[in-house]
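Subject: Predicted model, handover and findings

Hello,

The structure we spoke about follows below, with the sequence. My notes on it come after that.

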Amino acid sequence: QGFAFASLVTRIPAIQEAFDLSEGQLAMILAAVPIVAGLGSVAAGFLSVRFHSAAVLRICAVLVSGSLVLVGASTTAGSFPGLLAALVCMGFGLGSVDATMNMQGIGVQALLKRNVMASFHAWWSLATILGAVAASVAAATSMTLLAFFGIVAAVLIPVGLFASTRFV
């Protein structure tokens, strides 16, 4: 989640330029992401009761990476409605992943019988830094957003699915 989020946030200037958005327009669009993330967090709570946090996390982690690809595709196609839909999916996924990762962290702490949540947040921060670095490197090239986000998703989805075999 941290890597994907930083990959998106670091490339916001390219999205702004592609759609010729003013600062105000960009702020309004980006404000929707955390609002929808809040809805995703609440939905994840309900869904986790019915289907378990591991299943919800597995699906929503793929949603986050897939949404990145949709952001890149809509930017390449110049589809503003596509961009909005992709950002809504991204926000929902980010909120859901955040909630379910924390649920999993609590489960791990219970199994280990010691506090480890801070280390999970440290790993998230490291992934965020690495995502920002990767996005900065990509921005310095002629790589399109679709290509960059596609590469990110192609790496994160298999890694996430492999890691999900170890969920509590």
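The buried residues of helix α1 pack against α2 (12–19), α4 (53–77), α5 (80–112), α6 (117–139) and α7 (145–163). Helix α1 itself covers residues 2–10, and its buried residues are Gly2, Ala4, Ala6, Ser7 and Leu8. Please keep in mind throughout that this is a predicted model.

Helix α6

Helix α6 has 23 residues. From its first C-alpha to its last it reaches 33 Å, close to the 33 Å expected at 1.5 Å a residue. Met117, Thr128, Gly131, Ala135 and Ala138 are the buried residues of α6. Helices α1, α5 and α7 are among the elements that cover them.

Helix α3

In α3, 29 residues should span 42 Å at 1.5 Å a residue, and the end C-alpha atoms are 41 Å apart, which agrees. The helix buries Leu26, Ile29, Val33, Val36, Ala37, Gly40, Ala43, Ala44 and Ser48. An α-helix has 3.6 residues a turn, so residues three or four places apart point the same way. The buried residues of α3 pack against α2, α4 and α5.

The largest cavity

How many cavities of 30 Å³ or more does the structure hold? There is one. The largest cavity contains about 40 Å³ of space. Its lining is made by Leu8, Ile12, Ile15, Leu26, Ile29, Leu30, Leu83 and Leu87. The elements giving two or more residues to that lining are α2, α3 (23–51) and α5. Helix α3 gives the most, with three residues. By class, the lining of the largest cavity has eight nonpolar residues, no polar and no charged. Two of the lining residues, Leu26 and Ile29, are also on the list of buried residues in α3. Leu8, another lining residue, is one of the buried residues of α1.

The largest pocket

The largest pocket holds about 1,000 Å³ of space. It is lined by 33 residues, and the closest to its centre are Gln1, Leu57, Met101, Ala163 and Phe167. Two or more lining residues come from each of α1, α4, α5, α6 and α7. The largest share, seven residues, comes from α5. The lining of the largest pocket divides into 21 nonpolar residues, nine polar and three charged.

Aromatic pairs

The structure holds two aromatic pairs. In one of them, the ring centres of Phe19 and Phe80 are 5.8 Å apart and the planes are at 65°, so the pair is edge-to-face. Because Phe19 lies in helix α2 and Phe80 in helix α5, this pair ties together parts that are 61 residues apart in sequence. Phe19 counts as buried, at 14% relative accessibility, whereas Phe80 is partly exposed, with a relative accessible area of 30%.

The other pair is formed by Phe148 and Phe149 and is tilted, with 5.6 Å from centre to centre and 45° between the planes. Phe148 is buried, with a relative accessible area of 5%. Phe149 counts as buried too, at 0% relative accessibility.

Phe162

Is Phe162 buried or exposed? At 63% relative accessibility it counts as exposed. Phe162 is placed in helix α7. From C-alpha to C-alpha, Phe162 and Ala127 are 17 Å apart in space, and they are 35 residues apart in sequence.

Positive phi

Most residues other than glycine have a negative phi, and most peptide bonds are trans. Asp20 has a positive phi, near 50°. It is placed in the loop between α2 and α3. With a relative accessible area of 67%, Asp20 is exposed.

His52 also has a positive phi, near 90°. This residue follows α3 and lies in the loop between α3 and α4. At 41% relative accessibility, His52 counts as partly exposed.

Regards

Definitions and conventions. Residues numbered from 1 in each chain as written. Predicted model: local features only at pLDDT ≥ 70, side-chain atom pairs only at ≥ 80, totals over all residues. Heavy atoms only, no water. Buried < 20%, exposed > 50% of the residue type's maximum accessible area, 1.4 Å probe, protein only. Helix = DSSP H or I, 4+ residues; strand = E, 2+ residues; numbered from the N terminus. Contact = heavy atoms within 4.5 Å. Expected span 1.5 Å × (residues − 1). 1 Å grid on protein atoms, 1.4 Å probe; cavity = no way out; pocket = protein on both sides within 12 Å on 5 of 7 lines; lining within 4 Å. Points joined across faces, edges and corners; volume = space filled by probe spheres on them. Nonpolar A, V, L, I, M, F, W, Y, C, P; charged D, E, K, R; others polar. Phe/Tyr/Trp six-rings, centres within 6.5 Å; stacked < 30°, edge-to-face > 60°.
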